[in-house]
Amino acid sequence: YGDAAIAAFSIVTRVSNMVFSIAIGLAQGFQPVCAFNYGAKKYGRVRQAVLFTLSGAVAVVAVLGGICALNAEGIVGLFRSEEQILDIGSKTLRFACAGIVTLPFTACGSMVFQSTGQKGRAIFIAAMQSGLIYIPMLLILPKLLGLTGLELAQPVSYAIGAVIAIPMIAAFLNKLKAMDAAQKEESLK
């Protein structure tokens, strides 16, 4: 799609990686809390930590994504001033910011399963977001939508990843709730 598209995508990748890194950092910061409490059989705390981290991460990423989306042209303009790069870059950054709001679900989901010894689920979620969905989106969407398809590939893969991760996380949270209730019932005996 030309030099302007390459330049625009490079800028957007750098900017969105900053927000991406914050989401990953929040999930990684939660990981020791999750692992410690799960190992100590404090299932209620694990559940609270997961919900707190997810809601906090979504809020932080939504605010940062919103700021970037509202100032997309200005942010891209900090790096390059050519009109075509500004047009492609600001549109791509807005798409990226919309999709990145769903990132905490896959990031936290992967960390939850890794922290609780569920390696297969953790690997699946991490691979799903990075390649199992993204690569097909890179191959399919540009054929259907041209440059817009390429701009949408990453945000769409984040959203699809979240749609898959959310039921996995919800099932785990329900399991934790049941384990916590059983543990409380056992302690009453």
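This is a short walk through the structure, stop by stop, with something to select each time.

**Before you click.** You're looking at a predicted model, where local features need pLDDT of at least 70, side-chain atom pairs count only at pLDDT 80 or more, and totals for chains, interfaces and linings use all residues. Residues are numbered from 1 along each chain as its sequence is written, and side-chain values use heavy atoms, with hydrogens and water left out.

**Stop 1: the whole chain.** Show it as a cartoon. There are eight helices and zero strands; here helices (H or I, at least four residues) and strands (E, at least two) are DSSP runs, numbered from the N terminus. The C-alpha trace spans about 70 × 30 × 20 Å along its principal axes. Of the 189 residues, 41% are buried, meaning under 20% relative accessible area, with exposed over 50% and partly exposed in between (1.4 Å probe, protein chains only). Now think about contacts, meaning heavy atoms within 4.5 Å. Among those between residues at least 6 apart in sequence, 73% join residues at least 24 apart.

**Stop 2: α1 and α2.** Select residues 3-39 for α1 and residues 43-70 for α2. Their axes come within 10 Å and cross at roughly 170°. Axes are lines fitted to C-alpha atoms, for helices over the stretch in contact, and angles run from 0 to 180 degrees between N-to-C directions. The two helices are therefore roughly antiparallel; that label goes to angles over 145 degrees, while under 35 is roughly parallel, 65 to 115 roughly perpendicular and the rest oblique. Show some side chains of the contact, including V15, F30 and Y38 of α1 and Y43, R45 and L64 of α2. The contact residues divide into 18 nonpolar, two polar and one charged. In this sorting, Ala, Val, Leu, Ile, Met, Phe, Trp, Tyr, Cys and Pro count as nonpolar, Asp, Glu, Lys and Arg as charged, and the others, Gly among them, as polar.

**Stop 3: inside α2.** Keep α2 selected and color its buried residues, among them V46, A49, V50, T53 and L54. What covers the buried residues of α2? The cover includes α1, α3 (72-77), α4 (83-100), α5 and α8.

**Stop 4: T106.** Move on to α5 (residues 103-115) and pick T106. Is T106 buried or exposed? T106 counts as buried because its relative accessibility is 2%. Leaving out residues up to four places away in sequence, T106 touches I125, M128, Q129, G161, A162 and A165.

**Stop 5: α6 and α7.** Select residues 119-132 (α6) and 134-145 (α7), which pack at about 25° with their axes 5 Å apart. That angle makes α6 roughly parallel to α7. The contact is made by M128, Q129, S130, G131 and L132 of α6, plus Y134, I135 and P136 of α7. Five of these contact residues are nonpolar, three are polar and none is charged.

**Stop 6: α8.** Finish with residues 147-188, a helix of 42 residues. From first C-alpha to last, α8 reaches 62 Å, close to the 62 Å expected at 1.5 Å a residue; the expected span is 1.5 Å times one less than the number of residues. Zoom in on A153, where a kink of about 40° lies shortly before the proline P155. The bend is the angle between axes fitted to the seven residues ending there and the seven starting there. Further along α8, click V163, which counts as exposed because its relative accessibility is 61%. Last, draw a distance line from V163 to Q31: their C-alpha atoms are separated by 22 Å, and the two residues are 132 apart along the chain.
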